[in-house]
Amino acid sequence: MKYIQYSIIIILSAVLLSCETSVDASDLLAKEQLVVINGYLSPQDTTLKVQVSKSRSRAASGSQNNENLIVNDALVVLSDEEGNEVTLTYSNITFSYEAAASELVITPGRQYFLTAVVEGKEYRASCTIPAEQAQNVRAEILDREDDELGNQSLKVTVDDIRDKRNFYIVGAAVNWRSTDIGSGEPQVSRVDFEFEQFTTDSNRENALITVDGFFFIDTFSETLSANIQVANAEQILYDALRATFLNDYNEDDPFFEPVIAPTNIQGENGFGVFAGYQLLEEEIIF
Amino acid sequence: MKTKQVLLAFWVLAISITNVFGQSSNQKTKKHTISGYVKEVGSQEYLPMVSIYVPASKVGTTTNDYGFFSLTIPEGTHELIVSFIGYGTIRKTVELTDDVELSFEMELSAESLDEVIIEADRGVNESQVTQMSVVTIKPSEIEDIPAILGEKDVIKALQLMPGIQRGNEGSAGFFVRGGTPDQNLIILDEAPVYNSNHLFGIFSVFNGDAIKSIETYKGGFPARFGGRLSSVLKIDTKNGNKERLSGKVNVGLISSSLVLEGPIKKGKTSFIFSGRRTYADLLSKPFQSSDFKAGYFFTDLNFKIHHVFNEKNKLYWSNYFGQDRFTGDERDDGERFKTRLFWGNITSTLRWNRQFSDKFFSNTSLIFSNYNFGLKYDEKLNDSRFLFKLSSGINDYGIKADFDYYPNPNHSIRFGVASTYHSFIPKQSKIRETGEDNNDVKQKIESLESAIYAEDNWKITENLSLSPGARVTHFQFKSKSYLNFEPRATIAWNIKPDLALKASYSKMNQYIHLLSNSGIGLPTDLWVSSTDNLKPQVSQQYALGLAKDFLDEGYAITLEGYYKKMDDVISYKEGASFLLLEDLETGREIDWEENITTGEGWAYGAELLLRKKTGKLTGWLGYTLSWSERQFDELNQGRKFFARYDRRHDLSLVGIYKPHERITLSGSWVFSSGNNFNLPDREAISNTANFPIPISLFNGGTTPFSTERNNFRGESYHRLDLGVQFHKRFAKHRERTWGFSVYNIYGRRNPFYYYFDDAELKKVSILQFIPSINYTYKF
């Protein structure tokens, strides 16, 4: 009887155990490199930045340094509706093409244009800066009673920009200080809003936008303030960053269908997003 | 537009009815009707699809689903041939001077293996029926086809037919002519079955032991079926033996099953009970520690009672209960944690057959169907308790009346009415926590789906037949109602007696939808209703085909091409599925409609089926060449993309060889092009780098991405399964069978999914070389 039981268990294990093998991907994967251009403009910027790089096959990622993907000899020009333009220069520090914001005024509601020439090929895109910023940010810290590890939650509320569909991206950092042994140095914890970092007013027009996140601090500590950031972004920017978040979040799930990130870069093998946003930053003292 | 369509439908019906009665009133020769039932000797089981043919006048009919037939022919002496593959043919001479009731009892015939299909099988042969795009497979064939772990499976067997494709490795979900699993109408004794999977799709819920007949329609849908776009799988269970107690016990590696059937009142009332349960959980119990126990099982129970009041009134009460259940129990110093995960179907159907006259037959059904998915977590600490219950599901309450009318041999008319009240519960949760207020959430959607239909099988001339039909459907959700007209038609032209050219058109509407976030048939997949915002899915399918029978050799060949256009098909928006799962975890209310987008679909291709139905060697060769595409404005940046299971080639070869009554050898080989996978196959510097708000969790560096949905065509799939059965017959109908089979005998590592491990592309494969053994005893 025992022999039968063991046999059954061994066979069941064989069924359930999977087998993993390496696959020669050389003929299966897309080979062409994309020219990836990402640039986001905001009236609150102090520096205008555009990053130009190339994609690579993931099968080749082990053999290359990420910096090799950066294109540092492109010609990148931003212009506005009136024909004012600025040529961005490459920075070795940020790996981006930059110009001071004063060289091209970014005005809410206006359209801007990007032209990039990479290895003799031209890429174009345009964006429109959202007309309004989010308004009236509030934040509230809620203790989690059942959590003994210093896990706390932060609720952020903003008024929706009225009568239009908006796409918000929310971030926050909490400043706190340990009270365990006297008053310690102030420290900063980032708030993780998970999926709620990306929120829209779809079907909730003119309502309050509320997102909940959590952060960790020491058990014996006090929270001092929170720096809240709320971006009102063009949809394509919202979708692109959300795609990156979701794909990363679900990377280990084999059944997750990766989100296809949008692109508005026109030109041969061009990919990426050139978009506008408005940023609201508020320091809230507790 | 809708009103015009409805008027047109009734006009067509009126013309047809005028035509029918016009013919009958013009008859000069006196005619009489032979009507009755065909049953199986020994069990008194009513047999559907039996051919009753009069060779002299070349007219005939077939029995309906309840074994009833009616044939109106001129007065005089006629020879009737009653035949059905697998049963001994009956020849009977009838002196027809008045209407007559005749019942036939057919004997299951082992000798029929050597028979060839006779020309009299007119109602059954591919070239001699009007209907096209039908797959019929006998339960006995399913018994013989090798199956994974010896679990004989209706759906796995159907997946070997052209046009019916499997999904991922091992999955019991099926994809018919580019459709999706939720577009398949699966009916068990008239009741729809919402989840046909056990163990995440490795097995289907249909226990083959209790099944009497299986019919699958891929296109050219008769008007009596509706509510799904892509296919109809109709499974009818046995009524139970009315003469003696009989049964079957099957012991397999992972499950055992029992069938018991017999008379409650001999000749009048019978019952059949069948049950199946897996026992991995029971066997593993002794090996688990006392402070942590986990287990999984699935079970199926079928129970049916059939009562014959008299030949004209019969009652059927069919019930099915099936469930999958995961359990986990953990104990630690007075603390206890209990987890339960369960899902399953319950169906119950009460049917009343009424034969009003020798030409007029009806069936009325009361139908209940339930699908429920639940999760329960119970945590008991020293002085506190936390209980969380979550469930989702659907309840259907339906009533249906179907009428069969046989005015003359050239017409078989069916019409009927059906109405189903759907009660969807997308989410119901209950939280109980010591010291906290109760938290109860229940979402409910209610809708009413109704239909009327009429269809005719009209033999216009000896060589030309037409099956026109129309179905008018109505769907009510709150104040929003949808009224749709669905014309159906199939025409068949016999170029030669054994060669037919066929064409069909059908329009279908689907008012309920499955939100699937995995594509692999997880129980968390959610059925939802059309609403005022979410329109019904619609399909139109055109098919053209040739059917040829080689009657002397027992071969049949069909070749069909099809084109199917689907509108308002649904899908989750990009990334939305996991928001829904997140919602289930947190209990936060979100509107599921926000996560849905609708689009279009196209499916087209060709199918070839060469089948050998009789003789010692039976089986088939099936080949499908197909394309399946989708386009959604909000997916894949609005670009058209290939569906996940779009595969260019599917080939299957199935052989069952019975050299001797004591041995059955079987094998099947399948080959298909690779499935499409979503594989982020490129990477680039992260797009979050210059955005002022850090994106949660993201560590920066590079971002993996792809630019097309279903961008990666996996490697081709193939495998060989072999089986052998040894039978031994004893006195008093007893028989024992030892069965041995091996799934994927050459251990092909077929892709289940792919992923990148650094720069290396890895393939995960499951189900390689799975041997099994099972023992069956019939009595």
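In this predicted model, chain B has a mean pLDDT of 86, and 90% of its residues reach 70 or more. Among the elements of chain B, the highest mean pLDDT, 96, belongs to strand β30 (residues 499-510), and the lowest, 46, to helix α5 (residues 576-586). Two stretches of chain B fall below 50. Over residues 111-120 of chain B the pLDDT is below 50, and the model gives this stretch 29 contacts beyond near neighbours in sequence. Over residues 578-588 of chain B the pLDDT likewise stays under 50, with 18 contacts beyond four places in sequence. Where pLDDT is low, the predicted coordinates should not be read in detail. For the model, ipTM is 0.89 and pTM is 0.87.

Chain B contains five helices and 48 strands. Its C-alpha atoms fill a box of roughly 95 × 65 × 50 Å along the principal axes. Of the 779 residues in chain B, 47% are buried. Among contacts in chain B with a separation of 6 or more, 65% are between residues 24 or more positions apart.

The contact between the chains takes 73 residues from chain A and 65 residues from chain B. On the chain B side, at least two residues each are supplied by α4 (280-284), α5, β41, β42, β46 (753-757) and β47 (760-765). The most is given by β47(B), with six residues. By residue class, the side of chain B that touches chain A divides into 32 nonpolar, 19 polar and 14 charged residues. One of the contributing elements, α5(B), is also the element with the lowest mean pLDDT in chain B.

Strand pairing also links the two chains. Strand β1 (residues 19-22) of chain A pairs with β47(B) in the antiparallel sense over four bridges. Within this pairing, Ser22(A) has Lys762(B) of β47(B) as its bridge partner. A further link is an open sheet of three strands in the order β4(A)-β41(B)-β42(B), with antiparallel pairing. The edges of this sheet are β4 (56-57) of chain A and β42 (702-705) of chain B; each has a single partner strand, so one side of each is left without a neighbour in the sheet. Two bridges join β4(A) to strand β41 (residues 682-685) of chain B, and Arg56(A) has Glu683(B) in β41(B) as its bridge partner. Strands of a sheet pair through backbone hydrogen bonds, either parallel or antiparallel.

Strand β18 (residues 246-251) and strand β19 (residues 255-265) run antiparallel and are joined by six bridges. Glu261(B) of β19(B) takes part in both pairings: Ser246(B) stands opposite Glu261(B), and the bridge partner of Glu261(B) in β20(B) is Ile272(B).

Positive phi values also occur at residues other than glycine. In chain B, Asp568(B) has a phi near 55°. Asp568(B) lies in strand β34 (residues 555-572) of chain B and is partly exposed, with 18 other C-beta atoms within 10 Å. In chain A, Glu119(A) has a positive phi of about 50°. Its place is in the loop between β8 (111-118) and β9 (121-128) of chain A. Glu119(A) is exposed, with 9 other C-beta atoms within 10 Å.

Chain A is assigned two domains, domain 1 (35-130 + 261-276) and domain 2 (135-233). The C-alpha centres of domain 1 and domain 2 of chain A lie 31 Å apart. Glu194(A) is in the loop between β13 (187-190) and β14 (198-200) of chain A. With 16 other C-beta atoms within 10 Å, Glu194(A) is partly exposed. The C-alpha atoms of Glu194(A) and Ser57(A) are separated by 28 Å, the two residues being 137 residues apart along the chain.

Notes:
Residues numbered from 1 in each chain as written. Chains lettered and ligands numbered in written order. Predicted model: local features only at pLDDT ≥ 70, side-chain atom pairs only at ≥ 80, totals over all residues. pLDDT = per-residue confidence, 0-100. Contact = placed C-beta atoms within 7 Å. Pairing = 2+ DSSP bridges. Nonpolar A, V, L, I, M, F, W, Y, C, P; charged D, E, K, R; others polar. Domains from an automatic or database assignment. Buried ≥ 20, exposed ≤ 12 C-beta atoms within 10 Å, placed from the backbone.
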